[in-house]
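Visitor: Hi, I'm new to this one and would like to walk through a few spots with you. Could you put it up on the screen?

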Amino acid sequence: MLATAFLISFSVTLSRIGVTYKALAAGIDGSYAGVLAVAFSLLPACLVVWFGRLGDRGAVALMTVAGAGVLVLATLALLASPLDLVWLLMGTGVLGVGQTLHLSGLQLVVLLASTRMHRDAMLGNYLFASSAGSMIAPLFVGLIDTNDPASIAVHLLDLALGSAVLLIGAAVLVGRRLPDKAPAPSVAVPISIILARPGLPTMLMTGSVVATINGVMPIYLPSSGSTAGSLRASSV
């Protein structure tokens with residue numbers, strides 16, 4: 001479980017940084033990084049309730065493996081896509097769907113694979129592994145011995161693809177250790193009742209702000225670095 005948490009954060013972070021470099025290689029203005037961030041989140045936001053219902057029906061193992069598979073397809077599409085904003089938006093959207101589907105299942109793994117006594121510790125370890133993947137991924141940009149944005153994008157997406165393939169294997173191993181079905185409610189609870197639970201709206205708002213910061217930073221850093229480099233070159 002910790003390996004899957006690390007690999008998905010590592011792969012997705014590399015892919016999103018790679019997409020920004022590919023956009024820079026295409027001559028797309030850095031301000032469009034925000035549009036790519038919206039593309040990553042918009043389609044998953046429309047599907048997240050359906051993903052939750054899928055988990056309620058006991059398809060946890062399927063969700064984790066299928067989500068990893070979608071990440072592989074999205075990374076392949078981003079590697080093969082032309083230097084065009086529309087293609088990059090489409091690939092980024094599919095990448096977001098894969099991540100959301102996988103994480104929707106993986107978070108249920110924490111519930112199913114733990115008892116109440118040690119669930120907090122397992123959740124903490126899960127979050128640490130996920131944060132480590134997001135933290136380590138950007139460091140690989142500095143290991144690439146080139147300043148060409150297109151080459152950097154290819155290197156990052158290649159590494160992201162390899163990580164996503166490993167993620168499929170890790171997700172299969174996790175799925176084999178889980179019960180066949182998760183506990184499911186007899187009747188689907190309406191979203192309005194769920195949102196009315198005390199403290200939930202505040203938690204959702206806080207989580208959204210944190211997720212937005214963590215998501216936007218990696219994709220804006222390449223464009224900021226490119227702008228700084230251009231200013232230094234012009235001043236020289």
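Visitor: Which residues does glutamine 99 touch, leaving out those up to four places away in sequence?
Guide: Leaving those neighbours out, glutamine 99 touches Ile8, Val12, Phe40 and Leu71, where contact means heavy atoms within 4.5 Å. This is a predicted model in which local features need pLDDT of at least 70 and side-chain atom pairs count only at pLDDT 80 or more, while totals for chains, interfaces and linings use all residues. Residues are numbered from 1 along each chain as its sequence is written, and side-chain values use heavy atoms, with hydrogens and water left out.

Visitor: Is glutamine 99 buried or exposed?
Guide: Glutamine 99 counts as buried because its relative accessibility is 19%, and buried means under 20% relative accessible area, exposed over 50% and partly exposed in between, with a 1.4 Å probe and protein chains only.

Visitor: Where does glutamine 99 sit?
Guide: Glutamine 99 is in helix α4, residues 85-112; helices here are DSSP runs of H or I with at least four residues, numbered from the N terminus.

Visitor: How do α1 and α4 pack?
Guide: Helix α1 (residues 2-25) and α4 pack at an angle of about 170°, with their axes 11 Å apart. The axes are lines fitted to C-alpha atoms, for helices over the stretch in contact, and the angles run from 0 to 180 degrees between N-to-C directions. The pair is therefore roughly antiparallel, a term for angles over 145 degrees. By class, the contact of α1 with α4 has nine nonpolar, five polar and two charged residues. Nonpolar covers Ala, Val, Leu, Ile, Met, Phe, Trp, Tyr, Cys and Pro, charged covers Asp, Glu, Lys and Arg, and the others, Gly among them, are polar.

Visitor: Switching over, what about threonine 75, buried or exposed?
Guide: Threonine 75 is buried, with a relative accessible area of 0%, and is found in helix α3, residues 60-80. Not counting residues up to four places away in sequence, threonine 75 touches Ser15, Leu95, Leu157, Ala160 and Leu161.

Visitor: At what angle do α3 and α6 cross?
Guide: The axes of α3 and helix α6 (residues 149-176) cross at roughly 165° and come within 9 Å, so α3 and α6 are roughly antiparallel to each other.

Visitor: Last one: where does alanine 26 lie?
Guide: Alanine 26 lies in the loop between α1 and α2 (33-56), and is partly exposed, with a relative accessible area of 29%. The C-alpha atoms of alanine 26 and proline 149 are separated by 9.0 Å, although these residues are 123 residues apart along the chain.

Technical notes. Helices (H or I, at least four residues) and strands (E, at least two) are DSSP runs, numbered from the N terminus. Angles under 35 degrees count as roughly parallel, over 145 as roughly antiparallel, 65 to 115 as roughly perpendicular and the rest as oblique.
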